[in-house]
Amino acid sequence: MKKLLLLINCVALIAVTKSQDYIITQLGVDTDSTILHTQAIQNIIDKAELDGGGTIVIPKGVYLTGALFFKPHTKLVLQEGAVLKGSDDITDYPLLPSRMEGRSIYYYAALINAYYIDSFNITGPGTINGNGSRFWKGFWDYRDSVKKTGRSATNLEVHRPRLLFIWGCNNVTIQNVKLRDAGFWTTHLYQCNNVLIQNCDIRSPFRPVKAPSTDGIDIDVCKKVTVRNCYISVNDDAVCIKGGKGPDAHLRPENGVVEDVLIENCTFGESHGVLTLGSECIHAKNITLRNCKVESNTPILRLKMRPDTYQTFENITVDNITGKCGTIISMNPWKQFFDMNGSTAKPFATVRNITLSNIKVQCKSFGEMEGNAADTVSNIFLKNITATAEIPALKSKYAAIKADHVIVNGTPLVIQ
């Protein structure tokens, strides 16, 4: 009898925890791609939550929508040929407490939003398309008009939605999905732990209209993030490590370290940098880029050194990289939107324990390492690197660089 009761309880538990599929076209969502389906799809997400959880299934077709907010125990699947297409009207993305450019501010929701949902999944093979063209054109038109007044426009002045914003979630998986044409950043992870992004294809264009600030993956105050077997080509940084900016950023609880990040077996097309630390980053630790192919004219490793922010970049590994790039390493002051906010602090950066190894590339220049005056640099290791370069020397003012079997244009690397 006890065994029978135990079996009945197990069956009941399986029934309760089994995820249901909610196919949107069977629940009132029309296949007309010109109709805005935001409320209808949101109603299905809300129903799934009330039912105890489920998978929102997007079948083949194009579905126009504004911001969608996933709830606990809900997931998203996009079937073959399915496209969630973002509205190009910013009023379809509500203004909410959010996180942008290293600060906690009110900003517009993304197309796909998940706040504090553990085990949140997005699975393809379908597409999430931000439909960003109108936002990009608006940005460039505004920037050009502001330039005539003698000042520079900031990224936030033209209101644009991100494609994905995932905040405070643990055990996140994004896989086998195509992420396209974001209005702003493509994938923004904030305060998340244990994230896997794999077999994804992430793109935004450089032509005919550039897609400004469409970073591929922004990792912001996160731990244990893996990016694997992805293709990324975007009109900004491909993978960007963030975490806060400003002279008191290291003291604010909403900011913090990004650590234990692994990027492997990926291919990188055009971007502004394959792996970038900054421009809002206070502490990056244990970051690895390995076994990747690069097809661009930008840096493999880019360190943006903010003179208005205390920064620590440590234990960074770049290993087994092939292809074509702009530079192997680029470390320079980054003064975009410099702002001390009235502080008399004197921020500086600490850069230590960086290894670049087993690299075989064609590049424009080997690179440069020139931070701000108070920055300290130690334990930089270059080994087993073979490159052809138009500018073969590494420009650096730091003595802490060790080169072992580094050959450029057939001769040992020169550090100037």
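Select R290. This residue is partly exposed, with a relative accessible area of 32%.

The model is predicted: local features need pLDDT of at least 70, side-chain atom pairs count only at pLDDT 80 or more, and totals for chains, interfaces and linings use all residues. Residues are numbered from 1 along each chain as its sequence is written, and side-chain values use heavy atoms, with hydrogens and water left out.

**Stop 1: the partner of R290**

E264 and R290 form a salt bridge, and their closest N and O atoms are 2.9 Å apart. The two ends lie in distant parts of the chain: E264 sits in strand β22 (residues 258-264), R290 sits in strand β25, and 26 residues separate them. E264 is buried, at 7% relative accessible area. Elsewhere, salt bridges with shared partners join R180, D201 and R203 into one network. Select those three as well.

What counts as a salt bridge? A side-chain nitrogen of Lys or Arg must be within 4 Å of a carboxyl oxygen of Asp or Glu. The whole structure has 19 of them.

**Stop 2: K242 and E280**

Now select K242 and E280. They form a salt bridge with closest N and O atoms 2.5 Å apart. This pair, too, links distant parts of the chain: K242 is in strand β21 (residues 237-242), E280 is in the loop between β24 (273-277) and β25 (283-295), and they are 38 residues apart. Are these two buried or exposed? K242 is buried, with a relative accessible area of 3%. E280 is buried as well, at 4%.

**Stop 3: helix α2**

Select residues 38-50. This is helix α2, with 13 residues. Helices (H or I, at least four residues) and strands (E, at least two) are DSSP runs, numbered from the N terminus.

Take the distance between the end C-alpha atoms of α2. The expected span is 1.5 Å times one less than the number of residues.

Next, colour T38, I41, Q42, I44, I45 and A48; these are the buried residues of α2. Look down the helix axis. The buried residues fall within an arc of 155°, so they line one face of the helix. That arc is made by the directions from the helix axis to the C-beta atoms. On the other side of α2, Q39 and L50 are exposed.

What do the buried residues of α2 pack against? They pack against β1 (20-23), β2 (54-58), β3 (61-65), β4 (68-70), β5 (74-78) and β6 (82-86).

Stay here for one more pair. K47 and D51 form a salt bridge, with closest N and O atoms 3.2 Å apart. K47 is partly exposed, with a relative accessible area of 40%. D51 is partly exposed at 37%. Then step on to G52, which follows α2 and has a positive phi, near 105°.

**Stop 4: strand β12**

Select residues 164-167, strand β12. Both of its faces are covered: L164 and I166 on one side, and F165 and W167 on the other, are all buried.

Now show the neighbours. Strand β9 (residues 112-115) runs parallel to β12, joined by four bridges. A114 has I166 of β12 as its bridge partner. Strand β15 (residues 187-190) also pairs with β12 in the parallel sense, over four bridges. There, L164 stands opposite T187 of β15. Two strands pair if DSSP finds at least two bridges between them.

**Stop 5: S330**

Select S330 in strand β27 (residues 311-333). Where does this serine stand, buried or exposed? S330 is buried, with a relative accessible area of 10%. Leaving out residues up to four places away in sequence, S330 touches P299, L301, R302, L303 and E368. Contact means heavy atoms within 4.5 Å.

**Zoom out**

Show the whole chain. It has three helices and 31 strands. Of its 416 residues, 54% count as buried. Among contacts between residues at least 6 apart in sequence, 74% join residues at least 24 apart.

The C-alpha atoms fill a box of roughly 75 × 65 × 40 Å along the principal axes.

Conventions. Buried < 20%, exposed > 50% of the residue type's maximum accessible area, 1.4 Å probe, protein only.
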